[in-house]
Amino acid sequence: MQKLFVNETPDRQLVLDGEQARHIAGSLRMKVGDMLTVTDGSGNDYGCLIEAITKETVTLTVCYQQASDSEPSCRVTVYQGVPKAAKLEEIIQKCTELGAAKIVPVLTRRCVSRPDEKGAQKKNARYQKIALEAAQQSGRGVVPEIAPQCTLKQALAQDDSTLRLVFYEGGGEPLRALIPPEAESVSIYIGPEGGFDREEVDLLVQSGARCATLGKRILRTQTAPVAALTAIMLLTGNLE
């Protein structure tokens with residue numbers, strides 16, 4: 001069933017307008033009497049019946065409420081070294097679909113793309129929209145937070161996950177040995193195109209991170225977080 005995110009907690013009726021109304025009537029070609037699901041982004045889904053459609057609005061009646069069953073039991077935060085061009089947009093889209101709870105762009109020493117604060121803030125609004133669209137498409141119960149760009153030290157200072165993993169071409173432990181099925185919160189650190197330098201890896205390890213491997217092949221910066229997140233979701237039972 002189609003799912004849309006709304007900025008309020010639905011009551012008995014809900015009126016959608018603007019882009020959402022046009023999306024329902026135009027792109028989705030839904031009609032009066034069709035059912036769709038809306039969510040307030042806090043993990044609750046609301047099954048709604050379309051009561052009326054005009055050129056500018058869609059009126060919904062709330063038929064039932066239930067907890068979203070699409071959110072993974074393991075909260076994964078992706079700390080991604082800022083890549084070039086539109087690669088971060090692809091990473092945000094795919095990681096949202098796979099269940100990431102938060103994505104943080106991190107400036108590391110080997111980042112080629114180094115947007116200033118104003119440029120980063122402007123891009124962040126677009127990144128959040130990409131996350132919203134991917135969350136709707138994949139039926140998520142929440143929209144992942146796309147945090148402001150930060151340094152590696154700032155990332156470590158804000159990281160409250162119980163397990164920190166850094167993926168480094170220098171090798172590491174297999175994920176199967178690091179991720180217990182009952183893991184509740186994991187953070188993964190992915191370098192930019194040139195990877196992390198040795199001092200950054202040492203800093204991560206000194207801060208409690210474990211070096212992990214994704215196999216003997218070297219993955220691109222936009223491939224590594226997707227592969228890591230997929231493996232974590234599989235090992236914690238969230239791809240069943």
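**Figure 1. Contacts across the whole protein.** Of the contacts in the protein with a separation of 6 or more, 71% are made by residues 24 or more positions apart; a contact means heavy atoms within 4.5 Å. The structure is a predicted model, in which local features need pLDDT of at least 70, side-chain atom pairs count only at pLDDT 80 or more, and totals for chains, interfaces and linings use all residues. Residues are numbered from 1 along each chain as its sequence is written, and side-chain values use heavy atoms, with hydrogens and water left out. The protein has seven helices and 13 strands. These elements are DSSP runs numbered from the N terminus, with helices (H or I) of at least four residues and strands (E) of at least two. Along the principal axes, the C-alpha atoms fill a box of roughly 60 × 40 × 30 Å. The radius of gyration of the protein is 20 Å, which agrees with the value near 18 Å that a compact globule of 240 residues would have. This radius is taken over C-alpha atoms, and the globule rule is 2.2 Å times the number of residues to the power 0.38.

Figure 2. Of the 240 residues, 46% are buried. A residue is called buried under 20% relative accessible area, exposed over 50%, and partly exposed in between (1.4 Å probe, protein chains only).

Figure 3. Helix α6 spans residues 198-206, and its residues E200, V201 and L204 are buried. They lie on the same side of α6 because they cover an arc of only 100 degrees around the axis; the arc is that of the directions from the helix axis to the C-beta atoms. The buried residues of α6 pack against helix α4 (152-158) and against the strands β10 (163-167), β12 (185-190) and β13 (210-213). On the face turned away from the buried side, α6 carries the exposed residues E199 and Q206.

Figure 4. T96 belongs to helix α2, residues 87-98. T96 is buried, and its relative accessible area is 0%. Apart from residues up to four places away in sequence, T96 touches I103, A131, A134, A135, S138, R140 and P144. A21 belongs to helix α1, residues 18-27. A21 is also buried, with a relative accessible area of 3%. Beyond residues up to four places away in sequence, A21 touches L16, E56, T57 and V58. The C-alpha atoms of A21 and A134 are separated by 18 Å, and these residues are 113 residues apart along the chain.

**Figure 5. Two loop residues with positive phi.** Most residues other than glycine have a negative phi. R29, in the loop between α1 and β3 (35-39), has a positive phi near 55 degrees. R29 is exposed, with a relative accessible area of 64%. A85, in the loop between β6 (75-81) and α2, likewise has a positive phi near 55 degrees. A85 is exposed, and its relative accessible area is 72%.

Figure 6. L178 is part of helix α5, residues 175-178, and counts as buried at 8% relative accessibility. Its contacts, leaving aside neighbours within four places in sequence, are L163, L165, E173, R210, C211 and A212. From C-alpha to C-alpha, L178 and M30 are 46 Å apart in space, and they are 148 residues apart in sequence. L214 lies in the loop between β13 and α7 (224-235). L214 is partly exposed, with a relative accessible area of 22%. Leaving aside neighbours within four places in sequence, L214 is in contact with F167, L175, L219, A224, A227 and A228. L214 and T61 are 153 residues apart in sequence, and their C-alpha atoms are 47 Å apart in space.
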